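The tour goes from one selection to the next.

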Amino acid sequence: MVARNILLRQSELPIYQTFSVPVNWNRQRSMMAKERLHQRDGDGRGNPNTRTCFYKIMLPTNSIHLRIPPAFRKQLLNDQTERATLRSPCGIWDVKLLQENGDIYFAEGWQDFVRHHSLGSAEFLLFNYNGKMSFDVAIFGKNGCARNYESAAKSGQESASSFTSTLPFFRHSIKGCNLGSRSTLLIPKAFSRIHLRPSRQIMILQNAEGISWRASILVTSGKHLSITGGWKAFSDDNLIKKGDVCIFELVEQNTMQVHIFR
């Protein structure tokens with residue numbers, strides 16, 4: 001009776017058709033597995049198609065520090081330093097890393113990144129990892145669409161072109177030589193001949209918030225007036241980047257209001 005029951009159950013089992021797997025398929029499957037491993041290990045990080053990445057949704061608590069997801073830390077084991085580089089269509093930011101209780105945070109410099117990009121709650125950030133603690137950051141608005149920084153830049157330049165004032169002013173499009181440790185900014189002769197003394201002098205630079213920086217104006221070998229000492233501090237503190245347009249409005253004899261268009 002037992003044997004018969006076993007036989008009946010076996011006869012009721014479904015019948016599967018067997019087939020042989022082509023050699024080419026095995027080879028293709030092996031190549032696909034290697035490619036997945038290649039992407040996970042972060043090889044070829046400069047290739048946009050193979051870079052590892054993570055995303056974050058902006059919350060109020062993220063505006064001061066931003067935690068890198070714990071699961072992503074293994075991608076950084078061979079690259080960890082004290083600083084990271086964040087790149088966006090608006091420029092490059094140097095950000096200090098904070099390690100606390102086993103977590104890694106974007107810390108000092110992150111608030112500048114948030115402020116410059118006007119990041120708001122519920123916006124979506126995608127961090128593509130290039131290796132060596134360098135990230136390309138893509139920003140998506142609440143509507144799910146990527147931010148259009150090209151249109152924003154065009155709008156800023158148009159606003160600079162349409163600027164008017166009853167006070168003397170001049171425009172300057174920021175170039176690489178206007179930024180960095182030995183940066184200077186030449187004042188157009190047509191402006192300086194009429195409104196400034198042809199000698200060394202102190203000039204106060206003010207931003208839109210009314211905060212002041214003390215700068216020096218020197219006479220160059222070509223008889224130009226150039227803003228030097230204090231200009232670097234002003235440009236750094238106000239996150240001025242290459243391509244920005246600055247309008248220098250002479251509001252008092254030794255005070256310029258600087259309007260920054262990005």
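In which loop does Asn-238 lie? Select Asn-238: the loop runs between helix H6 (231-237) and strand S13 (245-252); helices (H or I, at least four residues) and strands (E, at least two) are DSSP runs, numbered from the N terminus. This is a predicted model, where local features need pLDDT of at least 70 and side-chain atom pairs count only at pLDDT 80 or more, while totals for chains, interfaces and linings use all residues. Residues are numbered from 1 along each chain as its sequence is written, and side-chain values use heavy atoms, leaving out hydrogens and water.

Asn-238 has a relative accessible area of 11% and is buried (under 20% relative accessible area, 1.4 Å probe, protein chains only). Show its side chain: a polar atom there lies 2.8 Å from the backbone oxygen of Phe-234. Beyond neighbours within four places in sequence, Asn-238 is in contact (heavy atoms within 4.5 Å) with Asn-207, Trp-213, Ile-260 and Arg-262.

Next, select the largest nonpolar core, which has 26 residues. Such a core is a set of buried Ala, Val, Leu, Ile, Met, Phe, Trp, Tyr and Cys residues joined through side-chain atoms within 4.5 Å. Leu-86, Phe-106, Trp-110, Phe-127 and Phe-135 touch the most other members. Strand S3 (83-88) and helix H3 (110-116) are among the elements that each supply at least two residues of this core. A second, separate core has 21 residues, including Leu-205, Trp-213, Ile-240 and Cys-246.

Finally, pick Ile-217, which stands opposite Ile-227 in S12.

Key: Two strands pair if DSSP finds at least two bridges between them. Buried means under 20% relative accessible area, exposed over 50%, partly exposed in between (1.4 Å probe, protein chains only). A polar contact is a pair of N or O atoms within 3.5 Å; within protein, one must be able to donate a hydrogen and the other to accept it, and residues adjacent in sequence count only if both atoms are side-chain atoms.
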